[in-house]
Amino acid sequence: MRIWARPRRNRICPSVLSADFSRLGDDITAVARAGADFLHVDVMDGQFVPDLTFGPILVRGMRRLTSLPLDVHLMIVEPLRYLEAFAEAGADHLIVHIETVKDPVQALRSIRARGLRAGLSVKPGTPLPAFLDALPEMDLALVMTVEPGKGGQPFLEGSPGRIQAVREVVERKSLDCLVAVDGGIDPEVAPVAAKAGADTFIAGHSIFRIPPDPATSLRTLRGALERA
Ligand code: DX5
Ligand code: ZN
C-alpha cells in the first residue's frame, strides 16, 4: 500500500519536448539508462496552447522505444474525446488540465476506469480550491510552474506556495498522490520545489539542452535533489 506516493527517492521525468527528434531513440535510451522514472510527453493542440506537438501515433512510437512509464500531459481542449486513443497508444499516466474539463472528478475517474494513472494539472493563474477538492481522485497532481505551452521558460516565483498548498492537502488526507512540478525545473530550483513539497520533477530544457549530454544533466538534477 502507498508504494506510489512514498518513493524511496524523488522521481525525475524528462520531457521529450526538448529532446532531439532526429535521434529520439538515443535520447530516450540515454535518460532511461541514467535513471529516469517516467518519460513525460507534452501533447499540444494549438488551441489550449498555441503550439502543436504529438498525437497518439507518436505516443505509440515512443511506446516502442522504451519501457519507461509514459506520462502523457494533455494540453488540449476536450481531452475526454482522446482518452481512449492515448490509452490504446500505450500511455501509462494521462494528465488533463482542470481548465479543460467541466467535471474534474469525472474526468479522473474515466482515466482510472481505463486502468491508467490519473493526473490533473493546473495552470499558474488558476485558483486552487477546485483542484484541491479533486485531489482524492488523483494519482498525480501536476502543478504547472510556468505558463503551459513551451519549454525553456523560467520557474515562476509564485510556485512554491501553490506546491505547498497541494502538499498540505495530500498529507492531511493521507492521499496516495504524487505532487509533480512542470516548467523551469533545473538543479537550482528543483530543491526549492522539493522543499515546498514536490516529489516528481518534470524537466525538458535542463535535461536535453544542457551540455554535455542528457544523461549527465539528469544525474546533476538527481544530485541536486539528493543534497537538498
Ligand atoms: C510546458 C510543458 C513542459 C515542458 C517543460 O508547457 O508542459 O513539460 O516540456 O519544459 P522545461 O523543463 O524546459 O521548462
Ligand atoms: Zn508537461
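Student: How far does a polar side-chain atom of His73 lie from an oxygen atom of ligand 1?

Tutor: The model is predicted, with local features requiring pLDDT of at least 70, side-chain atom pairs counting only at pLDDT 80 or more, and totals for chains, interfaces and linings using all residues. Residues are numbered from 1 along each chain as its sequence is written, chains are lettered from A and ligands numbered from 1 in the order in which they are written, and side-chain values use heavy atoms, without hydrogens or water. A polar contact is a pair of N or O atoms within 3.5 Å; within protein, one must be able to donate a hydrogen and the other to accept it, and residues adjacent in sequence count only if both atoms are side-chain atoms. For His73, the distance from the polar side-chain atom to an oxygen atom of ligand 1 is 3.3 Å. In the side chain of His40, an N or O atom is likewise 3.3 Å from an oxygen atom of ligand 1. The backbone contributes through Gly184, whose N or O atom lies 2.8 Å from a ligand 1 oxygen.

Student: How much of ligand 1 does the protein bury?

Tutor: Accessible areas come from the Shrake-Rupley method with a 1.4 Å probe, and for residues only the protein chains shown count as cover. Ligand 1 exposes 380 Å² when taken alone, and the protein buries 99% of that area.

Student: Which residues come nearest to ligand 1?

Tutor: A residue counts as near when one of its heavy atoms lies within 4 Å. There are 19 residues around ligand 1, and those that come nearest are Ser15, Asp42, Gly149, Gly152 and Asp182. Ser15 belongs to the loop between β1 (11–14) and α1 (24–33), and its side chain joins that of Asp42 in a polar contact of 2.8 Å.

Student: Which residues are the protein donors of the zinc ion (ligand 2)?

Tutor: Donors are N, O and S atoms within 2.8 Å of the metal (3.2 Å for Na, K and Ca); water is not among the atoms, so sites may look incomplete. The zinc ion (ligand 2) has His40 (NE2), Asp42 (OD), His73 (ND1) and Asp182 (OD) as protein donors, at 2.0 to 2.3 Å. Along the chain these donors follow the spacing H-x1-D-x30-H-x108-D. The pair of Asp42, in strand β2 (residues 39–44), and Asp182, in strand β7 (residues 178–182), links parts of the chain 140 residues apart. Helices (H or I, at least four residues) and strands (E, at least two) are DSSP runs, numbered from the N terminus.

Student: Why is the arrangement around the zinc ion (ligand 2) called octahedral?

Tutor: Six donors count as octahedral if opposite donors are over 155 degrees apart and all others between 65 and 115; four are square planar by that rule, or tetrahedral if all angles lie between 85 and 135 degrees, and anything else is irregular. The 6 donor atoms here subtend angles of 72 to 167°, and the arrangement is therefore octahedral.

Student: Is Asp42 buried or exposed?

Tutor: Buried means under 20% relative accessible area, exposed over 50%, and partly exposed in between (1.4 Å probe, protein chains only). Asp42 is buried because its relative accessibility is 4%. Asp182, at 9%, is buried, and Ser15, at 4%, is buried too.

Student: How many salt bridges are there?

Tutor: A salt bridge is a side-chain nitrogen of Lys or Arg within 4 Å of a carboxyl oxygen of Asp or Glu. The count comes to 12. One of them joins Asp27 to Arg23, with the closest N and O atoms 2.9 Å apart; Asp27 is buried at 4%, whereas Arg23 is partly exposed at 37%. Another joins Asp139 and Arg117 at 3.9 Å, N to O. Asp139 sits in the loop between α5 (129–133) and β6 (140–144) and Arg117 in strand β5 (residues 117–122), so this pair ties together parts 22 residues apart in sequence. Arg112, Arg117 and Asp139 are linked in a salt-bridge network.
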